[in-house]
Amino acid sequence: MAGPLAGIRVIDLSSGQAAGLATMVLADFGADVVKVEPSAGDPARAEPAAPMWLRGKRSLTLDLATAEGRDRLHDLVRGADVVVSSDLQDRAAAQGADYATLGALNPGLIYTSVTAWGLEGPYAAYPADEALVAAKSGRMQALSGVIRRDGPAYVAVRNGHHAATQSAIAGTLAALLVRERTGRGQLVETSLLRAQLPYDFRTLLSAQLTPRYPAQLGNDPYAAFAPDTMPMLGYQPVQTQDGRWIQFANLLEHLVHSSLMAMDLVEDVLGNPRYAGAPNNIDEVAKEEVRNLIIERMRERPAAEWMQRFHENGNVAAEVVGTAQEALHHPDMEANHEVVDRLDPRLGNVRQLGLLARLTKTPGEVGEPAPGPGAHTAEVLVEAPRDAWQAPAGLPLTPPRHPLEGVTVLEFATIIAAPLGASLLGDLGARVIKVEPVDGGDPMRGLGVGLGAMFGASKTTASKESICVDLKSEEGREIVRRLMREADVIIHNYRPGVPERLGIGYEQACAVRPDIVWVSVNGYGPDGPSAHRPSAHPIPGAVCGGALMQSGRGWPPPGDASLVGLREASRWFSRANEANPDPNTSMVVASSALLGLVARQRTGQGQPIFISMLGANGYANAEDFLAYEGKPDRPTIDAGLHGTGPLHRLYRARLGWVMLAADSDDGWRALCLAASADVMGADPRFATAEARATHAEALTGVLEALFATRDADDWESTLIAAGVGCVRADGYVNAGQFLLEDPHARANELLVDATHAQWGAYRRWGAVWRFSDTPPHPRAGVLAGQHTDALLAECGYSDAEVAALRAGGVVWSEQPMDLGEPAVVPVG
């Protein structure tokens, strides 16, 4: 079998990277992807990353404005398994390419829609630009404060593209699994807007619960970062002797101690009674003194020497800050084949992203170079028609209510990346059982203060059951063996060798459940020089280029190498290196697990699957994660973090801020006309795209003056009506307010009702998909060990045996906090 998707035919009607990268992954794992495009080709072929996301596909040119073109498309669809589209359905209907039309031709068809704003709601027809989506939905407000100015900040990493890509992959695979049980295809929908949901961990809950419990949350220090907030000591960015920067990512205390050892600071810090409780149990003044010691010590050696020390120690999470282009040569990404070289007949050698995940028994293969438009038209059109998919005999009498109903996942993971990935499977209806340690549960539960500490864990434990077990005891390992008997998937984020010591290694699991899909998620992957080293989200942020781009062209501030200057540069970079690499990885966890489930359904065998945070975040930075001669540089963000150029940036209006996206010649002309800016439109400095680039500073000044003449809401309504990409960027204080109050969020059902054991009814983030026939099933987060007794009973333990296990410390459960009487505040 040439990949787990061999024999699956995908008709790719999409344009651009979000859906294009999804169909590339399907092709990498064996699907026959036929890209249908106009005679001149997909306009998005002009994007620098197109040579990568077009790989492995066949290109067919059709004019869908003609009856002949539509008929040929329909002939192809009758024998297809999947259609992927990025059009709104009314536009697709005009081309005979909407779900209603194509689904009627082929009842077994899965139709995956990847749009910018969703298929309905007041913004559905707004221009498809991620910056507009991020601005309108409050995402840019999350980066306010990276630099010392008010207002939103431009978002560098296209998280919406990445999460929409992975949602399209996972949703398509889940629908293929459902089809085997129902005999029917369905519409699967995601969008760049819906794909923002995994990246908010606090604001939605804070908006609902702070009014309800003001005594507990009114002064929550994590609710918003003060301008001078420095990173945790373990997450400190530091400059080295040669001017390079190193990012630490030592979340846990023992890792911080290892870093102090590698820096020869044990005696200075832990040997000093004033600092002996570092990093967590010292006062704020002492903490800043320790920070200064670290900053000063790291200036004594060049980056390469420090990194050699950290490798030799083996227990220090640290990496040199770099660009995506530098990450293409990272030794761990090379060793794990997460970057590969392929010869393109037009471009020469193209170094690019490798496979999304390493499936050890049904591996994928990086596809052939990108074809030219229509390169396979004659070939495809003369092929014998494919038979329509036939439903298997003996379908279950009761079809699944949700895509992954009947699938059981055991999760042995902590913090965010892997646990949130498991929650995504839970949102699809899988039964996810989270196995947590007995000493407080997942450490994620302790990151914060009081009730606010539960916010992040409520997201990473959503749609799960929880049992707390001591895996270091034989009794605990026996409990896990019993749980494994019914498991379909195991997800863990341990470093190599640890699962085997805990009794959950692949061979150990396979002995209990031979067809287990065993997913390993860690920082670096199983091979390479850092395989056994720790990692956390700042590492892929620093390595893969996202954090450096987010810092803007003004970082580090030039000319100030004083301690004060280095502290400010450190604060700036740490704010720019936000938490997005964790959810970026989570999305790949869900996609990879579903690749394993589809492979098992088609071959009958489970397998180990390996993914890394570096590889996942390479995909999140896909627009620059390839190199070839003549490739344009990745755009940079200006020093004020407004944007990448005068026609793609934030502007301060008379009241509020706007995000403008009018890069094309058509967009420029429409802007000048709608804004009644005749003088600007007639200025020879701005007559062409090349001229506007040459005179970017002057054009920025003209536009700053223009936007200052009217309010942001007025600009949005005027320019959107004219087809110009422009939205208010500060209409909501954060993503939570947008989700709770915006009519478009309501129209797209971005929130769902849930009930948490601690605070009761609330509205949680919805799923990143909509399915027309088998809707997702997102549920509340859970307390640690909330289901311990019920799961033990299910495993055959008597009440007396459960009591003995509790008395012996083998199992444990968290108890709800006493919050007192809540204020009467309506939910949502």
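Which residue is the bridge partner of Thr 408 in E14? In this predicted model, the bridge partner of Thr 408 in E14 is Arg 431. Residues are numbered from 1 along each chain as its sequence is written, and side-chain values use heavy atoms, with hydrogens and water left out. Because the model is predicted, local features need pLDDT of at least 70 and side-chain atom pairs count only at pLDDT 80 or more, while totals for chains, interfaces and linings use all residues. Helices (H or I, at least four residues) and strands (E, at least two) are DSSP runs, numbered from the N terminus.

Strand E13 covers residues 408–412 and is mostly covered, with 5 of its 5 residues buried; buried means under 20% relative accessible area, exposed over 50%, and partly exposed in between (1.4 Å probe, protein chains only). Thr 408, Leu 410 and Phe 412 point one way from E13, whereas Val 409 and Glu 411 point the other way. E13 and strand E14 (residues 431–436) run parallel and are joined by 4 bridges; two strands pair if DSSP finds at least two bridges between them.

Leu 428 lies in the loop between helix H17 (417–427) and E14. The relative accessible area of Leu 428 is 0%, so this residue is buried. Leaving aside neighbours within four places in sequence, Leu 428 is in contact (heavy atoms within 4.5 Å) with Ala 174, His 402, Pro 403, Leu 404, Glu 405, Leu 594, Trp 769 and Phe 771. Between Leu 428 and Tyr 275 there are 47 Å in space, C-alpha to C-alpha, and the two are 153 residues apart in sequence.

Strand E18 (residues 607–612) is also mostly covered, 5 of its 6 residues being buried. Strand E17 (residues 517–522) pairs with E18 in the parallel sense over 6 bridges, and Val 517 stands opposite Gln 607 in E18. Strand E12 (residues 358–359) pairs with E18 in the antiparallel sense over 2 bridges; here the bridge partner of Leu 359 is Ile 609 in E18.

In helix H26 (residues 613–620), 8 of the 8 residues are buried, so the helix is largely enclosed by the rest of the structure. Among the buried residues of H26 are Met 613, Asn 617 and Tyr 619. At the start of H26, the backbone nitrogen of Leu 614 lies within 3.3 Å of a side-chain oxygen of Ser 612.

An open sheet is formed by 3 strands in the order E7-E8-E9, with antiparallel pairing. Strand E7 (237–239) and strand E9 (318–320) are the edge strands, each pairing on one side only. From one strand to the next the twist averages 25°; axes are lines fitted to C-alpha atoms, for helices over the stretch in contact, and angles run from 0 to 180 degrees between N-to-C directions. Strand E8 (residues 245–248) pairs with E9 over 3 bridges, and Val 320 in E9 is the bridge partner of Ile 246. Helix H12 packs on this sheet and touches E7 and E8, its direction making about 40° with that of E7.

H12 (residues 284–298) also packs against helix H24 (residues 563–576), at an angle of about 100° and with the axes 11 Å apart. H12 is therefore roughly perpendicular to H24 (angles under 35 degrees count as roughly parallel, over 145 as roughly antiparallel, 65 to 115 as roughly perpendicular and the rest as oblique). The contact involves Glu 288, Arg 291, Asn 292, Ile 295 and Glu 296 of H12 and Leu 563, Leu 566 and Arg 567 of H24.

Definitions and conventions
Polar contact = N/O pair within 3.5 Å; in protein donor to acceptor, adjacent residues only side chain to side chain.
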